[in-house]
Amino acid sequence: MSVSGLNVSTLAQRAVRRHRALALAAAIGLGALFVAPSYAQGTKIGFVSTERILRDSKPAKAAQAKIEAEFKKRDQELQRLADSLRSEAQKLDKDAPVLSESERVKRQRKLQDMDSDLQRKRREFQEDFNRRRNEEFSSIVEKADAAIKKIAQQQNYDLIIQDAVTVSPRVDITDQVIGALGG
């Protein structure tokens, strides 16, 4: 018997092949459901807080002290400029009632110039400070990454995650990494 040029036996064979393919796919899927949990149970996962390393480790504290020492003089200069600006502004407020219009405008322009100069110097200071901090801390991060890899190999970790939203203390190995960096 023929239906649209195909005989019924050919249609039946195709249906059986499709059914076998679906049955095989279902069996593989079910098998994966049973294998995946048993594999996941053997997975060892750790967590490291980069923020804590950059805050609490000895190298990070030393780098922070070094940077602060490098920028202390510039910071004091900015403080001196801010005090001078404040003093000039108070002096203008005090003298304003007795100053001529042209003298008052002249002092206001001077204050605006001083303020602009101070703001520019603060921005430059902050940019330089951040650049220098990033330089110092990038080397600490590289050392921490090397320590993390070493701990992962020695203790057979399958996965170590840095910076997560929530973490169980039993998988947190941050203290080990800080110890490996020298405390």
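A residue counts as buried when its relative accessible area is under 20%, as exposed when it is over 50%, and as partly exposed in between, with a 1.4 Å probe and protein chains only. The model is predicted, so local features need pLDDT of at least 70 and side-chain atom pairs count only at pLDDT 80 or more, while totals for chains, interfaces and linings use all residues. Residues are numbered from 1 along each chain as its sequence is written, and side-chain values use heavy atoms, with hydrogens and water left out.

**View 1. The protein chain and its elements.** Of the 183 residues in the protein chain, 20% are buried. The chain holds five helices and four strands; these are DSSP runs numbered from the N terminus (helices: H or I, at least four residues; strands: E, at least two). From the N terminus on, the order of elements is β-β-α-β-α-α-α-β-α.

**View 2. Helices α3 and α4.** Helix α3 (residues 58-95) packs against helix α4 (residues 101-154) at an angle of about 170°, with the axes 10 Å apart. Axes are lines fitted to C-alpha atoms, for helices over the stretch in contact, and angles run from 0 to 180 degrees between N-to-C directions. The two helices are therefore roughly antiparallel, a term for angles over 145 degrees. The residues of this contact comprise 18 nonpolar, three polar and 18 charged. Here Ala, Val, Leu, Ile, Met, Phe, Trp, Tyr, Cys and Pro count as nonpolar, Asp, Glu, Lys and Arg as charged, and the others, Gly among them, as polar.

**View 3. The largest nonpolar core.** A nonpolar core is a set of buried Ala, Val, Leu, Ile, Met, Phe, Trp, Tyr and Cys residues joined through side-chain atoms within 4.5 Å. The largest one has 16 residues, of which V48, I53, I140 and V177 touch the most other members. Two or more residues come from each of α3, α4 and α5 (174-180), and α4 gives the most, with seven.

**View 4. The surroundings of V177.** Which residues are in contact with V177, leaving aside its neighbours within four places in sequence? They are V48, I53, A144, A147, I148 and I151, where contact means heavy atoms within 4.5 Å.

**View 5. The loop residue N156.** N156 lies in the loop between α4 and β4 (159-162). Although N156 is not a glycine, its phi is positive, at about 60°. With 58% relative accessibility, N156 counts as exposed.

Notes
Angles under 35 degrees count as roughly parallel, over 145 as roughly antiparallel, 65 to 115 as roughly perpendicular and the rest as oblique.
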